[in-house]
Amino acid sequence: MYVWSKRIVLTLLVLFGILEVVFWLTSTGEEASILVTRTTHWMALNYVLLLVWVFVWMYDQARVRGKNIWIWMLPFFIAPLPTLMAFVLVLQRRAK
């Protein structure tokens, strides 16, 4: 768990935010998608399975450290990557 440095996590969060802003500014919604439906379904399935795997990992890490995982549920469903990064930062804090 301590292989994550705070600098890497914060950099990833900032990059994620920048990419989200770029995505929302460039997508106008007027054009048809060039992705094949099969490709879209495959990507969605992979994303959902990745979310399940990440949540199981988060649950395990919280259980091992005696933390409450259920407060992370709503943010995880809204924005999984930033929630994962924040979760890692919170778990890295030193115990008092």
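A residue is termed buried when its relative accessible area is under 20%, exposed when that area is over 50%, and partly exposed in between (1.4 Å probe, protein chains only). The model is predicted: local features need pLDDT of at least 70, side-chain atom pairs count only at pLDDT 80 or more, and totals for chains, interfaces and linings use all residues. Residues are numbered from 1 along each chain as its sequence is written, and side-chain values use heavy atoms, with hydrogens and water left out.

**Whole chain.** Display the protein as a cartoon; it shows four helices and zero strands. Helices (H or I, at least four residues) and strands (E, at least two) are DSSP runs, numbered from the N terminus. Of the 96 residues, 21% are buried.

**Helix 1.** Select Leu12, which is found in helix 1 (residues 6-26). Leu12 is partly exposed, at a relative accessible area of 34%.

**Helix 2.** Proceed to residues 37-65, where Val54, Phe55, Met58, Gln61 and Ala62 are buried. These buried residues pack against helix 3 (73-78) and helix 4.

**Helix 4.** Select Thr83, in helix 4 (residues 80-92). Thr83 counts as buried, at 6% relative accessibility. Beyond its neighbours within four places in sequence, Thr83 is in contact (heavy atoms within 4.5 Å) with Met58, Trp72, Pro75 and Phe76.

**Aromatic rings.** Finally, select Phe55, Tyr59, Trp70, Phe76 and Phe77, which ring pairs link into a cluster. Rings of Phe, Tyr and Trp (its six-membered ring) pair if their centres lie within 6.5 Å; planes under 30 degrees apart count as stacked, over 60 as edge-to-face and the rest as tilted. The count comes to six aromatic pairs. The centres of the Tyr59 and Trp70 rings are 6.4 Å apart and their planes stand at 55 degrees, so this pair is tilted. Tyr59 lies in helix 2 and Trp70 in the loop between helix 2 and helix 3, so the pair ties together parts 11 residues apart in sequence. For Phe76 and Phe77, the centres are 6.1 Å apart and the planes at 65 degrees, so the pair is edge-to-face. Phe76 is buried, at 2% relative accessibility, whereas Phe77 is exposed, at 60%.
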